[in-house]
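Please take a moment with the sequence and the structure shown here before reading on.

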Amino acid sequence: MSKYPLLAAGFAVLLLGAPVMAAAPPANPLLARWTGPYGGVPPFDTVRVEHFKPALEAAMAEQLAEIEVIASNPAKPDFENTVAALERSGRTLSRVGALFGIFSSTNSTPEFQAVESEMAPKLAALSDQITQNEKLFSRLAAVYETRDSSNLNAEQKRLVWLDYTNFVRAGARLGKPAKERLSAINQRLASLFTTFSQNLLADEANYMLVLEKEADLAGLPEPVRQAAALAAESRGQKGKWAILNTRSSMEPFLTYSDRRDLREKVWRTYYNRGDNGDAKDNNKIITEILKLRAERAKLLGYPTHAHWRLENTMAQTPERALELMEAVWKPAVARVHEEVADMAALAKKEGANLTIEPWDYRYYAEKVRKAKYDLDQNAVTPYLQLEKLREGMFWVAGELFGFRFKPVQGVPTLTPDIRVWEVTGRTGQHVGLWYFDPYARPGKNSGAWMNAYRDQERFEGPVTTIVSNNTNFVKAKPGEPVLISWDDATTLFHEFGHALHGLASSVAYPSLSGTNVPRDYVEFPSQLLEHWLSTPEVLNRFALHYQTGKPIPKELVERIERAATFNQGFETVEYLAGALVDMKLHLTATPEKDIDPDAFERETLDALGMPKEIVMRHRTPQFSHIFSSDSYSAGYYSYLWADTLSADAWEAFEEAGGAYDKAMAKRLADHVFSVGNTIDPAAAYRAFRGKDPGTAALMRKRGFPVPAAAAPTGRP
Ligand SMILES: [Zn+2]
């Protein structure tokens with residue numbers, strides 16, 4: 001029962017079509033419209049965990065009531081009373097859901113996790129209740145069938161197509177028993193996804209390597225030592241050093257530690273997340289997820305989960321995605337063998353009698369980088385100050401899109417470390433807000449991501465967007481800058497690319513807005529933006545030494561450029577192994593057979609000829625892209641697919657006269673960043689580039705041989 005009977009009563013009132021919020025303001029801050037400047041901001045100052053359950057229940061009831069009004073409208077179905085009405089519905093739930101998602105990814109306390117476990121299946125059930133509503137679907141189908149004769153504009157037609165297709169793909173046309181089974185599967189999957197994520201978070205929080213003596217730090221550069229000292233201190237181990245079980249702690253340790261025994265320890269702990277045979281082990285969960293997904297795909301009329309997932313992507317079929325992956329796999333593996341040979345030779349020269357193991361790869365790769373390109377990552381890091389790079393990103397956004405960023409005070413945030421900027425456009429108009437949550441903390445997912453708290457739209461508005469970027473840097477001592485690696489700087493620009501995709505959006509309907517595009521297209525704007533980091537304009541102004549303030553020396557930049565394709569064997573294979581295992585898992589799974597994730601991973605990689613010196617970037621039991629929701633499932637290939645676009649698009653800038661070519665920037669804004677999902681992505685790309693992308697640019701970017709006939713990836 002809801003703790004807020006007033007709102008339960010509101011549900012009944014809403015059925016009669018009267019506004020519910022006008023009578024009495026809700027006591028639950030999650031249910032109120034966002035208030036304050038900029039069209040309202042999320043109420044981080046007043047929301048508490050106990051608000052979520054009643055707010056979600058009330059918001060779900062409200063949406064169901066809204067759906068019922070649309071479905072039982074006696075008027076003839078048309079765009080306005082059906083599709084537009086759907087766009088208008090569920091507004092309270094999307095606000096509550098935004099905060100729910102933010103807590104889940106950045107503030108996941110045990111008490112929140114309990115609410116999440118309880119509510120995730122209920123949210124899945126609600127979504128099925130809507131798509132399975134027969135009266136609603138028959139109205140939607142009527143609008144869909146008459147879409148060409150109804151005087152709709154292109155964006156409206158696209159929205160009709162998308163809604164109709166999504167309903168069908170979610171089972172709207174199935175019979176009653178199949179619908180019931182489908183809904184049961186979705187609810188069970190929602191619970192399994194939640195448990196999978198919570199297990200992983202626990203393994204990242206509960207395991208760490210505590211180093212007691214200075215000798216254990218051999219090889220670690222000063223910033224890594226400091227981060228380890230602060231990590232230990234914040235976990236009650238002052239005076240020691242802690243290597244946390246997260247990517248941002250693991251990677252620098254494996255790169256620099258001279259202690260092979262400790263490297264192996266850190267490596268094993270990290271790559272065994274979710275695979276420890278204890279209460280947090282994810283293997284059984286994966287087996288069940290795969291079976292349920294296969295059963296759902298069969299119910300929906302698809303041979304496999306992969307076929308279902310890829311239908312509305314750019315790739316369209318698993319076969320086309322596999323074709324691209326396999327084309328890149330072979331040259332990448334060949335490059336790994338060369339990289340390993342270089343490392344083995346160097347180790348031998350140093351007198352180390354060893355074969356390269358996975359915990360040696362980053363360490364010796366770093367030494368080879370130094371030897372071959374005279375490029376020491378440690379020499380680069382002092383120039384990579386987090387806050388200066390952030391200013392560099394702002395400057396790039398100004399050059400490309402005319403955006404200006406101004407820090408704002410007084411907008412509530414979840415923690416004081418989170419800061420907010422107002423984004424304005426060329427004429428000074430308000431564009432949106434950008435929240436930046438840079439630091440790791442307990443309860444926050446590892447990695448980096450972008451989130452849209454509110455989508456841009458003109459339909460019920462104008463409504464401006466609110467986006468966030470989230471990373472896991474370790475805080476520096478007070479008064480000292482946070483120094484980051486070149487890889488982290490690249491990630492920073494990547495996530496900012498997603499944020500700009502949201503900020504530049506200029507569409508009517510929120511469902512088509514910003515980053516709401518197919519999975520294998522959404523990584524294109526973000527991967528493209530990575531390229532601007534290495535432009536001299538950014539490096540000379542913003543890559544400034546944290547002590548001297550001097551810009552990064554030209555010859556160091558040249559060395560970075562020369563080394564651009566260095567270690568691409570490792571990076572491509574580490575990623576592609578995961579993408580291939582993901583796709584093959586979802587092509588192989590059936591509703592009947594239990595798949596043992598460990599065995600499947602081993603056998604699949606053996607069959608592919610996986611170099612033994614590398615493991616998957618995310619091993620199966622920790623592959624949250626594909627098991628913490630459906631979103632990247634059979635979709636991890638998307639990064640490679642989108643990179644064919646971003647590599648090709650970057651060459652378009654180079655051909656046009658450089659990274660800051662005004663005409664090219666305008667084409668990018670007009671055809672890619674501003675249009676969301678209002679047009680087919682392949683058509684959008686063609687409009688930007690004047691032709692379909694091939695794989696040649698991708699192969700050049702990674703330093704692999706370009707095949708004679710590089711297949712185009714655009715939709716024919
Ligand atoms: Zn991304």
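Phe 496 touches Met 393, Phe 394, Ala 397, Phe 405, Trp 434, Asn 469 and Leu 529, leaving aside residues up to four places away in sequence, where a contact means heavy atoms within 4.5 Å. This is a predicted model, in which local features need pLDDT of at least 70 and side-chain atom pairs count only at pLDDT 80 or more, whereas totals for chains, interfaces and linings use all residues. Residues are numbered from 1 along each chain as its sequence is written, and side-chain values use heavy atoms, with hydrogens and water left out.

Phe 496 also belongs to the largest nonpolar core, which has 140 residues, and is listed with Met 325, Phe 403, Phe 405, Trp 434 and Trp 532 among those with the most contacts inside it. The largest share of this core, 13 residues, comes from helix α14. A second, separate core of 59 residues includes Trp 34, Val 420, Tyr 453 and Phe 459. Such a core is a set of buried Ala, Val, Leu, Ile, Met, Phe, Trp, Tyr and Cys residues joined through side-chain atoms within 4.5 Å, and buried means under 20% relative accessible area, with a 1.4 Å probe and protein chains only.

The zinc ion has as its protein donors His 494 (NE2), His 498 (NE2) and Glu 523 (OE), lying 2.1 Å from it; donors are N, O and S atoms within 2.8 Å of the metal (3.2 Å for Na, K and Ca), and because water is not among the atoms, sites may look incomplete. In sequence these donor residues follow the spacing H-x3-H-x24-E. His 494 and His 498 both lie in helix α18 (residues 486-503), 4 residues apart, which is about one turn of the helix; helices here are DSSP runs of H or I with at least four residues, numbered from the N terminus. His 494 counts as buried because its relative accessibility is 8%, and His 498 is buried with a relative accessible area of 7%.

Helix α15 (residues 361-373) has 13 residues, which at 1.5 Å a residue should span 18 Å, and its end C-alpha atoms are 17 Å apart, which agrees; the expected span is 1.5 Å times one less than the number of residues. Its buried residues include Tyr 361, Arg 362 and Glu 366, and the buried residues of α15 pack against helices including α14 (318-349) and α22 (568-588). Just after α15, Asp 374 takes a positive phi of about 55°.

Methods. Helices (H or I, at least four residues) and strands (E, at least two) are DSSP runs, numbered from the N terminus. Buried means under 20% relative accessible area, exposed over 50%, partly exposed in between (1.4 Å probe, protein chains only).
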